[in-house]
Amino acid sequence: MNRPIRILIAKVGLDGHDRGAKVIAASLRDAGMEVIYTGLRQTPETVVQTAIQEDVDAIGVSILSGAHNTVFPRILSVMESKGLENVLLTGGGIIPDKDADELNKKGVARLFPPGTETNEIVEYITQSRIFVVWLSRPRAGSYGRPQWISSGRTRSAVTRRFWRCP
Ligand code: B12
């Protein structure tokens, strides 16, 4: 139950803005998570395929190109078609608040804008995990359905996604 969180950091699209993705990947790794980075220029399909192959708990998409309203719904759709309802989809980059709100409503977890302290991102993901452990305590011969629940103060506080019992 206490295994490290495994997260895929992904870059989708044709742009080369990879600094944020690398900063986040390093911060999460330094915080003890297992991090896989896709590298640049992935498609939603390749991201989900890698998430399946790497058996990750969460996907974090870095997007500064302005294509977030296309990319996130497409990733969600591919995730759903592949049965990844238990994987958290989060991310960050140049995403206006109103777009982030809409994406949150569609099922994307919290999205982090430029200037966010990396500690805040580590805390968000880690605290979600604490809730997961608490909620997933087995009950009378069955396993609970653990949920990623954010204790974050802004944007999406609760996602509809579930996390598989390890
Ligand atoms: C550095 C930079 C570049 C560098 C990129 C270097 C690199 N290897 O990354 C270079 C010079 C190459 C570049 C090029 C271009 N850029 Co540029 N670039 C920037 C700039 C100034 C800073 C981005 C950055 O690195 N920030 C530092 C990192 C650490 O911050 P960050 O990525 O935002 O990450 C933070 C959060 O967003 C969040 N986060 C990000 N990703 C993730 C992922 C997860 C999982 C999580 C949880 C959180 C998270 O957490 C991080 C920590 O707080 C931005 C403007 C800006 N102020 O953001 C423009 C900007 C992104 N660029 C822009 C543009 C237009 C371009 C060009 C198209 C310009 C041109 N006409 O040539 C080209 C594209 C070239 C290409 N092939 O991609 C625009 C994009 C416009 C848009 N979205 O509508 C911006 C917004 C500038 C602007 N105001 O117009 N760029």
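User: In what order do the elements of the chain run from the N terminus on?

Analyst: The order is β-α-β-α-β-α-β-α-β-α-β-β, which comes to five helices and seven strands. Helices (H or I, at least four residues) and strands (E, at least two) are DSSP runs numbered from the N terminus. The model is a predicted one, in which local features need pLDDT of at least 70 and side-chain atom pairs count only at pLDDT 80 or more, while totals for chains, interfaces and linings use all residues. Residues are numbered from 1 along each chain as its sequence is written.

User: Is E34 buried, partly exposed or exposed, and what makes it so?

Analyst: A residue is buried if 20 or more other C-beta atoms, placed from the backbone, lie within 10 Å of its own, exposed if 12 or fewer, and partly exposed in between. E34 has 15 other C-beta atoms within 10 Å, and is therefore partly exposed. E34 belongs to strand 2 (residues 34-37).

User: With which residues is E34 in contact, leaving aside its neighbours within four places in sequence?

Analyst: E34 is in contact with P4 and R6. Two residues are in contact if their C-beta atoms, placed from the backbone, lie within 7 Å. The C-alpha atoms of E34 and D57 are 9.9 Å apart in space, and the two residues are 23 apart in sequence.

User: How do you know whether S128 and A51 count as buried or exposed?

Analyst: The counts of C-beta atoms decide. S128, in helix 5, has 25 other C-beta atoms within 10 Å and is therefore buried. A51, in helix 2, has 26 such neighbours inside 10 Å, so A51 also counts as buried. Over the chain of 166 residues, 39% count as buried.

User: Which residues does A51 touch, not counting those up to four places away in sequence?

Analyst: A51 touches L8, V56, I59, L84 and V87. For the chain, residues 24 or more positions apart account for 68% of the contacts with a separation of 6 or more.

User: What is meant by a nonpolar core, and which residues of the largest one touch the most other members?

Analyst: Such a core is a set of buried Ala, Val, Leu, Ile, Met, Phe, Trp, Tyr and Cys residues joined through C-beta atoms within 7 Å. The largest has 40 residues, of which I9, I59, I75, V87 and L89 touch the most other members. Helix 3 supplies the largest share of this core, five residues. With neighbours within four places left aside, I59 is in contact with L8, A10, V47, A51, V87 and L89. In soluble globular proteins, nonpolar side chains tend to be buried together.

User: At what angle do helix 3 and helix 4 pack, and what is that arrangement called?

Analyst: Helix 3 (residues 68-81) and helix 4 (residues 97-106) pack at about 10°, with their axes 11 Å apart. Angles under 35 degrees count as roughly parallel, over 145 as roughly antiparallel, 65 to 115 as roughly perpendicular and the rest as oblique. Helix 3 is therefore roughly parallel to helix 4. The contact is made by H68, N69, F72, P73 and L76 of helix 3 and by D99, L103 and K106 of helix 4. Axes are lines fitted to C-alpha atoms, for helices over the stretch in contact, and angles run from 0 to 180 degrees between N-to-C directions.

User: Which of the 27 residues around the ligand come nearest?

Analyst: They are D15, G20, G60, S62 and G92. A residue is near a molecule or strand if its C-beta atom, placed from the backbone, lies within 6 Å of it. Helix 1 gives the largest share of this shell, five residues.
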